[in-house]
Amino acid sequence: MKIDWAALGSVFGVSLVATVALVGLFTLGVRGLARRERAVATGGSAPLAVTGAYACFAACAAAVAYGFYLIVA
């Protein structure tokens with residue numbers, strides 16, 4: 001049995017980058033919703049923060065759906 005270390009390292013690197021990017025996007029979404037809550041508590045509104053949060057969540061959902069597509073196809 002021979003292990004292709006270059007391919008294994010490539011898969012590890014891509015997985016690491018994708019995981020960090022996905023977690024970062026989700027974190028930005030949660031942060032945007034928290035900013036909206038803070039704005040509502042002070043009597044304001046934060047439409048840009050909410051739009052950004054929903055965009056981050058949509059990008060996360062798209063990445064997960066693409067992952068499912070790659071697994072099934």
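Guide: Buried means under 20% relative accessible area, exposed means over 50%, and partly exposed lies in between, with a 1.4 Å probe and protein chains only. Please note that this is a predicted model, in which local features need pLDDT of at least 70 and side-chain atom pairs count only at pLDDT 80 or more, while totals for chains, interfaces and linings use all residues. Residues are numbered from 1 along each chain as its sequence is written, and side-chain values use heavy atoms, with hydrogens and water left out.

Visitor: In which element does Leu 22 lie, and with what is Leu 22 in contact beyond its neighbours within four places in sequence?

Guide: Contact means heavy atoms within 4.5 Å. Leu 22 belongs to helix H1. Neighbours within four places in sequence aside, Leu 22 is in contact with Cys 60, Ala 63 and Val 64. As for Leu 8, 14 residues separate it from Leu 22 in sequence, and the two C-alpha atoms are 21 Å apart in space.

Visitor: How many helices and strands does the chain have?

Guide: Helices (H or I, at least four residues) and strands (E, at least two) are DSSP runs, numbered from the N terminus. Here there are two helices and zero strands. The expected span of a helix is 1.5 Å times one less than its number of residues. Helix H1, residues 5–41, has 37 residues and reaches 54 Å from its first C-alpha to its last, close to the expected 54 Å. Helix H2 has 26 residues and reaches 37 Å, close to the expected 38 Å. After H1 comes Gly 43, whose phi is positive, near 95°.

Visitor: What radius of gyration does the chain have?

Guide: The radius of gyration is taken over C-alpha atoms, and the globule rule is 2.2 Å times the number of residues to the power 0.38. The chain has 18 Å, whereas a compact globule of 73 residues would have a value near 11 Å. Its C-alpha trace spans about 65 × 25 × 15 Å along the principal axes.

Visitor: Which residues form the salt bridge?

Guide: Side chains of opposite charge can pair when their charged atoms come close. A salt bridge is a side-chain nitrogen of Lys or Arg within 4 Å of a carboxyl oxygen of Asp or Glu. The structure holds one: Arg 36 pairs with Glu 37, and their closest N and O atoms are 2.8 Å apart. Arg 36 is partly exposed at 28% relative accessible area, and Glu 37 is partly exposed at 45%.
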